[in-house]
Amino acid sequence: MDSAEFIKCELLPKLLTDGKLSSYSDAAIKSCEASKLGEDGTYMRTLCYRAKVELFSAKSGRTERADLVIKLTPPKIPLEFYQGGNYADLFENEFITYTVVLPLLKDLDIFYPRYYYSSQTPQEEIIVLSDFTSDGWSVAKPVTNLSLENILASVKLLGKFHGYSYGIKETNPELFSEIRKQLKLTSFHADSSGSDAWDIMMTKSIRRGTNSIRESGEARNGIPEHFLMDLEAYLANPMKVQHRLNGSQEPLAVLCHGDFLSNNIAFRRTTRADGTICLDAMMFDFQTLRYSSPMVDLATFMANSTGVDVRKPHFDDIFRSYHTELVKALCEKWNKNEDELPSHYSHSSFLEEYAKYLPFGYSVAASFIPILHCPLDDPVANMLKFSPDNEEFEGFMAEMLALGGEIVNRELRGLIEDMYTLQQRTGVTFE
């Protein structure tokens with residue numbers, strides 16, 4: 001039975017029997033459609049389906065509709081990829097987020113999908129959520145180089161999320177500590193040797209940007225050779241750096257989304273009570289929720305989802321919007337005024353933290369931006385090529401390192417210029 005048939009014939013009837021889909025005890029499934037998501041090239045680690053279910057209650061004579069998104073572990077995924085990809089932890093993190101973390105924010109102005117159900121059976125994990133597109137939300141297309149309006153909506157949402165998380169940390173440290181203990185760090189491995197295929201890919205990708213600057217004299221903008229060499233040395237093993245920076249860096253560590261990219265953010269225009277129309281943002285896909293520096297989220301977003309043409313002239317406005325929203329949410333949750341907050345919540349403190357973490361964002365973007373610009377037809381199938389023992393590996397690696405051409409090269413150069421400018425501005429260096 002394929003995944004679509006499983007959803008229609010087994011999963012949805014179970015949810016209905018368990019009372020998850022309807023308030024009517026006699027409700028029956030009148031019709032159901034299930035279609036695979038991600039076939040437009042959107043990058044997804046899990047297998048996702050959209051289900052549209054029509055329900056009918058004979059006693060009441062009423063019809064209901066449930067629009068769902070079902071996330072599954074890819075079927076028949078090799079055990080080494082299942083374990084290496086931490087699929088069990090990914091699904092557990094999302095379950096914890098929806099059942100423990102987000103209920104703490106339910107009365108606040110933060111949007112996220114509705115949770116219906118999850119199952120943690122190894123290699124057969126499932127989570128069922130509402131399909132937010134039925135409520136007018138949509139992911140920006142393309143998912144990279146967002147407009148300034150989309151960027152501002154995203155960072156304001158992120159600032160609010162971090163601010164409320166800080167508020168919980170400050171007002172209820174015992175609860176916050178319990179949440180922290182349950183979360184798994186799913187994306188990075190401290191014992192990375194540098195010989196794993198993804199390690200090789202990330203390491204080679206780092207030099208794509210630095211070499212592009214060396215080869216394009218007009219793009220150097222005064223960036224000295226020693227800075228490029230220092231960056232390459234600092235990111236000689238990107239996975240180890242990423243793992244270290246994902247640790248609980250106090251005092252700014254907070255609950256982070258962990259994968260705050262434009263393909264995990266949806267937007268909707270809303271008319272306010274005063275008649276003004278604004279753009280709201282919602283975050284979804286909480287499988288990588290973690291306790292870390294807030295700049296894990298912001299640096300990842302800025303490096304992967306914004307383009308140099310918008311980010312460079314508007315950086316100060318973007319960063320200020322994020323920090324202002326964070327402080328506002330923290331003060332609301334903590335019942336304090338801004339001038340009463342500890343100094344580590346200041347704008348300058350966060351800017352220095354961002355300068356420290358932008359190399360982290362770059363290390364992700366160097367290998368991921370090419371995929372965002374030129375999506376892979378089947379990411380799961382491509383994983384099978386991603387082994388140094390595969391005879392196609394060298395060719396596949398060369399193809400990946402050239403993906404996106406000069407468009408990607410220019411974006412990587414822009415990020416390196418950002419790192420250099422921030423270090424000159426803040427005094428932060430590679431550590």
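**Exercise 1.** Which residues lie nearest the centre of the second largest pocket, and how many residues line it?

*Solution.* The model is predicted, so local features need pLDDT of at least 70 and side-chain atom pairs pLDDT 80 or more, while totals for chains, interfaces and linings use all residues. Residues are numbered from 1 along each chain as its sequence is written, and side-chain values use heavy atoms, without hydrogens and water.

Step 1. Take the term: on a 1 Å grid over the protein atoms alone, a pocket is an open set of points with protein on both sides within 12 Å along at least five of seven lines, and a lining residue has an atom within 4 Å of a point.
Step 2. The lining has 19 residues, and Phe6, Leu72, Pro75, Gln123 and Glu124 lie nearest the centre.
Step 3. The volume, meaning the space filled by probe spheres set on grid points joined across faces, edges and corners, is about 430 Å³.
Step 4. Helix α1 gives the most to this lining, with five residues; β4 supplies at least two.

**Exercise 2.** Describe the sheet and the helices packed on it.

*Solution.* Step 1. Helices (H or I, at least four residues) and strands (E, at least two) are DSSP runs numbered from the N terminus; two strands pair if DSSP finds at least two bridges between them.
Step 2. The open sheet has five strands in the order β1-β2-β3-β5-β4, with antiparallel pairing. Its edges are β1 (28-36) and β4 (115-119), each pairing on one side only.
Step 3. β4 pairs with β5 (residues 126-130) over four bridges; isoleucine 127 in β5 is the bridge partner of serine 118.
Step 4. With contact set at heavy atoms within 4.5 Å, α1 (residues 3-17) touches β1, β2 (47-57), β3 (62-72), β4 and β5. Axes are lines fitted to C-alpha atoms, for helices over the stretch in contact, and angles run from 0 to 180 degrees between N-to-C directions; α1 makes about 140 degrees with β1.
Step 5. Helix α3 (residues 87-101) lies across β3, β4 and β5, at about 40 degrees to β5.

**Exercise 3.** Which residues of α13 (residues 393-402) are buried, and why are they on the same side?

*Solution.* Step 1. Buried means under 20% relative accessible area (1.4 Å probe, protein chains only); Phe393, Phe396, Met397 and Met400 are buried.
Step 2. They share one side of α13 because they cover an arc of only 100 degrees around the axis, taken from the directions from the helix axis to the C-beta atoms.
Step 3. Glycine 404, with a positive phi near 90 degrees, follows α13.

Methods:
Buried < 20%, exposed > 50% of the residue type's maximum accessible area, 1.4 Å probe, protein only. 1 Å grid on protein atoms, 1.4 Å probe; cavity = no way out; pocket = protein on both sides within 12 Å on 5 of 7 lines; lining within 4 Å.
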